[in-house]
Amino acid sequence: MIEVIDAGVATTLQDRGRPGWAWLGVPPSGALDRSSYEAANALVGNTDGQAALEITGGGVTLRCVDSHVLAVTGAACPGVPMDAAFTAGPGHEIRFEPPTQGFRTYLAVAGGFVARPVLGSRSRDQLSALGPEPVRRGDILDVDGARTWAHGERPPASLMLRPRAAPDVVRIWPGPRDDWFADAIGHLVGHAWRIGDDIGRVGLRLVGSPLRRTRLGELPSEGMITGAIQVPHDGQPIVLLADHPTTGGYPVVAVVDPQDVDRLAHLRPGDHLRFEAAPGAGSGPRVV
Amino acid sequence: MTVPVRPYGPRAVLVETHSPVALAPLLRLVVGVEEVVPGACTVLVLHDGRPDVDRSVADVVRMLESGDAPAAESATAPAPPPVTIDVVYDGPDLEEVARMSGLGVDEVVDLHTSALHVSAFCGFAPGFAYLEGLPAALHVPRRSTPRTRVPAGSVAIAGPYSAVYPTGSPGGWRLLGRTSAVVWDAAADDPALLAPGTSVRFRSVTRLADGEVS
């Protein structure tokens, strides 16, 4: 078990999410920086998508009640061993100071954190309020003890992982409704953007030169995906993250390349961002 | 014949269609397709990025529209009876809806309960189904100012749709009444009562029994 001394501002259990339920209005959820989450689990020998802690902007203090094998990946928190498994004995305190680069940090424990799954996942969906409650001060986090390492047994080797920082440039593909604007991709690529007010795991608000519609009327609700860039009436784009609404009536003009979606997890309000067209992204729909 | 299959990045396409509920289960069968999400007049198809998935999707759409599609099992089996949802029609917007439609309150209730509603798609929240079949006389716009809190079980209309709010949430739809029917239960085998394709009748009652639905 691990006790929460300081919970930080947005600390939740996350795993591989609950994809496949969007047809019933359920967001996919899951760790925002999926590759960092997977690496943390791999380091402690978890192979089945066990739940890890997703920590936002540091500010968390945990105390081990029992001995645990842990690993921390994602945004580097000063003072915490990164990208390597380590053993923490009873009473050991771990303080996650705010990272100077990147925004989301993952703590995996051998065996995984225990929580009641909802639709097969222990991920906390911030939009729908599905899954275990966000972590609070005083919480005692249960760990599945069946997979702890025997005393003296060597933990897995560390991994060489690229340091996580906010991306400067993110690659985008055309979206299904780019024809509601004059040159949506050109506008996104040709301007600088700043991350606006925090809407957490649901999306990233972008502040910059507004996109202006060339087409009037309302768009009937249609499905949306993680990484989609939608443009509401004020012309300020929103990049959807894992807890996004499953349908919406604002035109989606572009989509972040799947290989860049994990990096979106490391953007925070005030950061600057630019886009570039993904190589291989044709212009306009392919006529089939 | 070209088919409107719009690219949605390298792992998804958006299909425009007049029959999302009929098309979605057929697209689910295409090799490489991982998930389908019906919308008002679209189906979003998430796939694994293999080449030519968009062509396979277009082929299925063409088959459906030309009448050659293999009938999905559910299409040939007898349709399940509609779900009946008991409603106490005492919602805070009922009188205003009557005024906007130029009808009496009783007529509004009669129109709502005599229609056969069908779930077209879900969105906004888990289990929130957009139900088609609302008579045209009751097509009213949303409130200009949404409520900060609509109670779970609220029965509401907006535009051409009816809905039952699965949990408390903000909402701008017009509230006609309330039900104790459970439309979302994440722990159930079928968590959504009103999954796309489900047909629904609303029944006016004077009192709600807890969790009653037939």
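## Charge and overall build of chain B

Lys and Arg count here as positive and Asp and Glu as negative, with His and the chain ends left out. On that basis, chain B carries 16 positive and 24 negative side chains. The centres of the two sets lie 6 Å apart. The model is predicted.

Chain B contains 5 helices and 13 strands. Its C-alpha atoms fill a box of roughly 55 × 35 × 30 Å along the principal axes.

Of the 214 residues in chain B, 50% count as buried. The chain exposes about 9,900 Å². Carbon and sulfur atoms supply 53% of that area.

Consider the contacts in chain B with a sequence separation of 6 or more. Residues 24 or more positions apart account for 60% of them.

## Cysteines

A disulfide is a covalent bond between the sulfur atoms of two cysteines. The count over all chains is 0. Cys64(A) is in no disulfide: the nearest cysteine sulfur belongs to Cys77(A), 15 Å away. Cys64(A) is also buried, at 3% relative accessibility.

Cys122(B) is buried, with a relative accessible area of 1%.

## Helix H1 of chain A

Helix H1 of chain A spans residues 34-43. Its buried residues are Ser36(A), Tyr37(A), Ala39(A), Ala40(A), Asn41(A) and Leu43(A).

What covers them? Among the elements of chain A that do so are strands S2 (11-14), S3 (52-56), S5 (68-74), S6 (85-88) and S8 (104-109). After H1(A) comes Gly45(A), with a positive phi near 85°.

## Trp180 of chain A

Trp180(A) sits in a loop of chain A, between strand S10 (169-174) and helix H2 (184-190).

Leaving aside residues up to four places away in sequence, Trp180(A) touches Arg213(A), Thr214(A), Arg215(A), Leu216(A), Gly217(A), Glu218(A), Leu219(A) and Pro251(A). Phe275(A) is 95 residues from Trp180(A) in sequence. In space, the two C-alpha atoms are 19 Å apart.

Conventions
Residues are numbered from 1 along each chain as its sequence is written. Chains are lettered from A and ligands numbered from 1 in the order in which they are written. This is a predicted model: local features need pLDDT of at least 70, side-chain atom pairs count only at pLDDT 80 or more; totals for chains, interfaces and linings use all residues. Side-chain values use heavy atoms; hydrogens and water are left out. A disulfide is a pair of cysteine sulfur atoms within 2.5 Å. Buried means under 20% relative accessible area, exposed over 50%, partly exposed in between (1.4 Å probe, protein chains only). Helices (H or I, at least four residues) and strands (E, at least two) are DSSP runs, numbered from the N terminus. Contact means heavy atoms within 4.5 Å. Accessible areas come from the Shrake-Rupley method with a 1.4 Å probe; for residues, only the protein chains shown count as cover. The place of a charge is taken as NZ of Lys, CZ of Arg, CG of Asp or CD of Glu.
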